[in-house]
Amino acid sequence: MAGAIMGSEALAQDAENDMLTISGELAYLVRVALPLDSVATVELRDALPPADAPPIAEARIALNGKQVPIPFSLSVKKSQLQPDRIYHLHGAIHVGSLKRWSLEAVLIDPEQGEIDLRTMFLLPAKTETRLTPVTMDAIVDTEWVVEDIDGRGIIDSSRVSVMFATDGSVSGHASCNRYSTSWTEANGKLKVGPAATTRMACAEALMDQEQKFLSILADVRLYATTPEGALVLQTVDGRKIHAFPAG
């Protein structure tokens, strides 16, 4: 009997270890109330198949008058996913048959067990941006000028940049100071080392922006490009840096 109990516990543990759970909440910043018939959707999709391929997992949340933020949780068996591929999470709010609010695709690492994406801010619905997986060969030896840090833009006239070099170094402007660090990549996952910076002091807002940028950069694991040619660097928990080639 004891062996049977231990066996069932092992099976339960294996089943738990095979699950990837993605949670967070959907919100938007505009003060607009959602009608009663609004529905929130969250979908996990492969980054590579055609846009009309069915989702791997999805959740539909009938709001019935509930307003943002809207919590969600989506679970999928890891055995359905390939560890060396990148997946997209899409979120949206529909009113009747119309999509009114949508989320830029979020890169998902299938090797994780739990991912908490915190609050994800939706924008007025438009054609959804599909992020395209690329190799580091498409990124290195180009100076990328940062235009957005975690959805908050950057301070006017400030300069934030990043350049990955073929020798494994990373350098650029962090807002006030210059920084340098290193990078490695394996199986499509990027790892950036702790940054060393110069020691200039600037206005408090610039220093705050610098800290936010360096904090995200140190946690970056996933990367892709947009159809417009932007580089997206993303942490496992969904924080992003958007940058365009300089010049």
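Thr21 stands opposite Glu114 in β8, where strands are DSSP runs of E with at least two residues, numbered from the N terminus. This is a predicted model, in which local features need pLDDT of at least 70 and side-chain atom pairs count only at pLDDT 80 or more, while totals for chains, interfaces and linings use all residues. Residues are numbered from 1 along each chain as its sequence is written, and side-chain values use heavy atoms, with hydrogens and water left out.

Strand β1 (residues 19–27) pairs with β8 in the parallel sense over 6 bridges, two strands being taken as paired if DSSP finds at least two bridges between them. Both belong to an open sheet of 3 strands, ordered β4-β1-β8, with mixed pairing. At its edges lie β4 (70–77) and β8, each of which pairs on one side only. Direction ignored, neighbouring strands of this sheet are turned by 15° against each other on average, with axes fitted as lines to C-alpha atoms and angles running from 0 to 180 degrees between N-to-C directions.

## The nonpolar core

The largest nonpolar core has 27 residues, and those with the most contacts inside it are Ile22, Leu26, Leu44, Leu89, Ile93, Ile108 and Leu117. Such a core is a set of buried Ala, Val, Leu, Ile, Met, Phe, Trp, Tyr and Cys residues joined through side-chain atoms within 4.5 Å; buried means under 20% relative accessible area, exposed over 50%, and partly exposed in between, with a 1.4 Å probe and protein chains only. At least two core residues come from each of β1, β2 (38–46), β3 (57–62), β4, β5 (87–95), β7 (106–108) and β8, and β4 gives the most, with 4 residues.

## The largest pocket

The largest pocket has a volume of about 830 Å³ and is lined by 31 residues, of which Glu104, Phe121, Leu123, Asp148 and Gly151 lie nearest its centre. A pocket here is an open set of points, on a 1 Å grid over the protein atoms alone, where a 1.4 Å probe fits and protein lies on both sides within 12 Å along at least five of seven lines; lining residues have an atom within 4 Å of a point. The volume is the space filled by probe spheres set on the points, which are joined across faces, edges and corners.

Two or more lining residues come from each of β6 (98–102), β8 (114–121), β9 (123–124), β10 (143–149) and β18 (240–245), with β8 giving the most, 4 residues. The lining divides into 13 nonpolar, 8 polar and 10 charged residues, with Ala, Val, Leu, Ile, Met, Phe, Trp, Tyr, Cys and Pro counted as nonpolar, Asp, Glu, Lys and Arg as charged, and the others, Gly among them, as polar.

## Pairing around β18

Strand β18 is joined to β10 by 5 bridges, the two running antiparallel, and within β18 the bridge partner of Asp148 is His242. Strand β17 (residues 231–235) also runs antiparallel to β18, over 4 bridges, with Leu231 bridged to Ala243. The hairpin formed by β17 and β18 has 4 residues between its strands, and Gly238 in the turn has a positive phi of about 95°.

## Backbone details

The peptide bond from Val68 to Pro69 is cis, with omega near 5°, and Pro69 lies in the loop between β3 and β4.

Two residues other than glycine have positive phi: Arg118, near 60°, and Asp150, near 55°. Arg118 is placed in strand β8 and is partly exposed, with a relative accessible area of 33%. Asp150 is placed in the loop between β10 and β11 (159–164) and is buried, with a relative accessible area of 15%.
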